[in-house]
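Trainee: I am new to this structure. Could you show me how to read it, feature by feature?
Mentor: Gladly. Here it is.

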Amino acid sequence: MSTPASVLDAALEHAFTGLREGRESFAPKLTPHEVGTITSISTGIATVSGLPGVGFEELVRFPGGLLGIAFNVDEKEVGVVLLGDYEDLRAGDEVERTGRVTDVVVGEGLLGRVIDPLGRPLDDKGPVPGNERWPVERPAPAIMDREAVSVPLQTGIMVIDALIPVGRGQRELILGDRQSGKTAVAIDTILNQRGKNVLCVYCAICQRASAVAKVVARLQEKGAMEYTVVVVAEGNEAPGLAYITPYAATSIAEYFMEKGRDVLIVYDDLTHHARAYRELSLLLRRPPGREAFPGDIFYIHSRMLERSTHLSKERGGGSLTALPIIETEAQDISAYIPTNLISITDGQIYLSPTLFELGVLPAVDAGKSVSRVGGAAQRKAYRSIAGDLKLAYSQFAELETFAKFGTRLDDSTRRIIDHGQRIRACFIQPESQPVAMAEQIGVLLALSVGLFDKVPLKKVAEGVRNLRGAAAKMPPDVAARLSTADKLSDADRKVIMDIATLALAPLQPPPPPKPAAEPAPEKKPAGSSAPATKPAPAAEPGPAPKPASAALPQKELATKPVVTGKPADPPAPAPKPAAEPAPEKKPAGGSAPTTKPAPAAEPGSAPTPASAAPPQKEPAMKPEATGKAADPPASAPQPAPPAKGADKPAP
Ligand SMILES: Nc1ncnc2c1ncn2[C@@H]1O[C@H](COP(=O)(O)OP(=O)(O)O)[C@@H](O)[C@H]1O
Ligand SMILES: [Mg+2]
């Protein structure tokens, strides 16, 4: 029997049937697969032939998975920008089309991550979650989908919030020479968004890796990474990557904006971006224009910044605020790229190396800075206070130059300069320490009302610290009204004034006592008046003239706090006086001072000019000292000159 043979036959038959069925049911589909070849390679660029169907900005894939963007599409040749390491590519290698454009992963999972523009993780937290990918180049929202900027974006940097306010949805350029604090301003703004429901994207373009690491470390340390995405193209990478980075970062930010969130994006910095694009364009043989930049350099930045806006309610009401950074060379803000960006954005914050060297940090040059739309977004209460300061500060900036020549200045000029110096001193703020809005209002109100005018310049910083500490403890209902109310009510204003007066009292030097007394004299003596309690900043100074009346004055002072004292009118006599008076005023304001009163002090100054100087200092600390001075007071009534003297000491 051939059992084994028949079994084998059956098995074979079975197998062949299966194969036949499989073969018959197979219907091959044809998919076109365009493959070209590399004809040449240069820095960051490859020219490819044989891809007739490739589209503009389509991604193509090289051996090893390297991607490139079809950037110059000619009939016979395609110029491709390479997005990565191209060392292993050779002429003759195969290139295939992918049929898609450059895109990047978007989503909530990106918060807290550091990625490259293609969405690959640069931190050690593993693959980036999220399955939604958005193209890096997207059209900007249409005009009808936009709304006016109406909500402030608090930077926490006093000089900016007060003088150059930024609104949500605005584009505000930060420019300045290298090492002038540009990155610091942007990072502080990100830090200040903590708890304010604003998400942030920090986009580093060709920065030193160590600088980026420092920024990430600072964000982490201050707890800002939880609401921040960092997108990085390192300096040593292909220029193509640097070129797409800000677009990719914008898409990531837009995702959140379209979800109705408020987003802040920082481009640090677009100078490097422009250079990367110039490099690519030159290699692609596009005709160079001014400064060798290609003709469409303006367009690449404007189409990116146009994507920042405030969406209408129908579109979710989200906003994207952009802080592009530009590095100038030798303070030349009228160079090609800076002027382009200035004209694209809604204002600029200029950081001056001169101020930086003087230690005025952040080195914001208020004269060359402007915010074209942010003012409308400022909170009303805040605006009512900051408005005066802007004027006072710009007057000061104008006059300061004259003062440098040692010109003899009249009283009112002197006063403007003294006041301006104090405004500037109040705006000095260390890095990474954003100031809350209630605290800012406390400081700005004290400034605009003249409370700081009585504080010696050297102690202004201490005064700001005291005042901020006190303002932070402001009654919560008042603090809440500051950000909602249409205008600062008189009652709230008084609460803040009291807090400020109290906080500054200890710093107002010599003050109080008798000078106050003089007040009476004030009237008489033209020049001086002791400032009384009114906060009014402008108060005139008057150095008190005659001491004798001391007793009265005190009372008066008590009532009226303010007094600028500085400027006495002219009289030559005693320089000191001016100084003293100033203190008085301060005390007056503060309750404490009043009590102390070493009365005579002020007057004293007036009288004895020479001696006065030294005493001043002492008095500052202890009122008693003043007492000595007092004696003299009787004598000298109107020391006009003193003003100058006084100033000097203060500083
Ligand atoms: N407000 C500030 N107070 C103190 N130091 C500051 C302040 N702002 C910046 N700096 C310091 O100035 C240097 C330059 O700042 P950076 O932001 O890196 O400048 P840029 O980005 O313009 O090159 C840094 O060392 C930084 O710590
Ligand atoms: Mg920087």
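Predicted model: local features only at pLDDT ≥ 70, side-chain atom pairs only at ≥ 80, totals over all residues.

Trainee: In which element is confidence lowest, and in which is it highest?
Mentor: The lowest is helix H19, residues 551-559, with a mean of 37. The highest is strand S14, residues 319-327, at 97.

Trainee: Over which residues does pLDDT stay under 50?
Mentor: Residues 515-651. The model has 445 contacts beyond four places in sequence for that stretch.

Trainee: Now the sheets. What does the strand order S1-S2-S5-S4-S3-S6 describe?
Mentor: A closed barrel of six strands, with antiparallel pairing. On average, neighbouring strands of this sheet are turned by 45° against each other, direction ignored.

Trainee: How many bridges join S1 to S6?
Mentor: Three. Strand S1 covers residues 35-42 and strand S6 covers residues 94-101; they run antiparallel. For a landmark, find glycine 36, which stands opposite valine 95 in S6.

Trainee: How many residues lie between S4 and S5?
Mentor: Three, and this is also a hairpin. S4 and strand S5, residues 77-82, pair in the antiparallel sense over five bridges. Glycine 68 stands opposite leucine 82 in S5.

Trainee: How many strands form the open sheet?
Mentor: Eight. Their order is S8-S12-S11-S13-S14-S10-S15-S16, and the pairing is mixed.

Trainee: Which strands stand at the edges?
Mentor: Strand S8 (114-115) and S16. Each has a single partner strand, so one side of each is left without a neighbour in the sheet. S8 pairs with strand S12, residues 228-234, in the parallel sense over two bridges. There, isoleucine 115 stands opposite valine 231 in S12.

Trainee: Which strands does helix H5 lie across?
Mentor: Strand S11 (198-207), S12, S13 and S14. H5 spans residues 239-258 and runs at about 175° to S11.

Trainee: What should I look for along the backbone?
Mentor: Most residues other than glycine have a negative phi, and most peptide bonds are trans. Now look at the bond joining aspartate 268 and aspartate 269: it is cis, with omega about -10°. Aspartate 269 sits in the loop between strand S13 (262-268) and helix H6 (270-283).

Trainee: What is the peptide bond from leucine 361 to proline 362, cis or trans?
Mentor: Cis, with omega near -5°. Proline 362 belongs to the loop between helix H9 (353-358) and strand S16 (370-371).

Trainee: What is the phi of glutamine 179?
Mentor: Positive, about 60°, although this residue is not a glycine. Look for glutamine 179 in the loop between strand S10 (173-176) and helix H3 (182-191).

Trainee: And packed helices?
Mentor: Two packed helices are described by the angle between their axes and the distance between the axes. Take helix H12 (residues 411-427) and helix H14 (residues 460-472): the angle is about 55° and the axes are 9 Å apart. H12 and H14 are therefore oblique to each other. Their crossing is right-handed.

Trainee: Which residues meet in H12 and H14?
Mentor: Arg422, Ala425 and Cys426 in H12 meet Val460, Ala461 and Val464 in H14. By class, this contact has five nonpolar, no polar and one charged residues.

Trainee: At what angle do H13 and H15 cross?
Mentor: Roughly 90°. The axes of helix H13 (residues 437-449) and helix H15 (residues 476-484) come within 10 Å. H13 and H15 are therefore roughly perpendicular to each other. Met437, Ala438 and Ile441 of H13 make the contact with Ala479, Leu482 and Ser483 of H15. By class, that gives five nonpolar, one polar and no charged residues.

Key. Residues numbered from 1 in each chain as written. Chains lettered and ligands numbered in written order. Axes fitted to C-alpha atoms, helices over the stretch in contact; angles between N-to-C directions. Helix = DSSP H or I, 4+ residues; strand = E, 2+ residues; numbered from the N terminus. Parallel < 35°, antiparallel > 145°, perpendicular 65-115°, else oblique. Left-handed = near helix turned anticlockwise from the far one by under 90°. Contact = placed C-beta atoms within 7 Å. Nonpolar A, V, L, I, M, F, W, Y, C, P; charged D, E, K, R; others polar. pLDDT = per-residue confidence, 0-100. Pairing = 2+ DSSP bridges.
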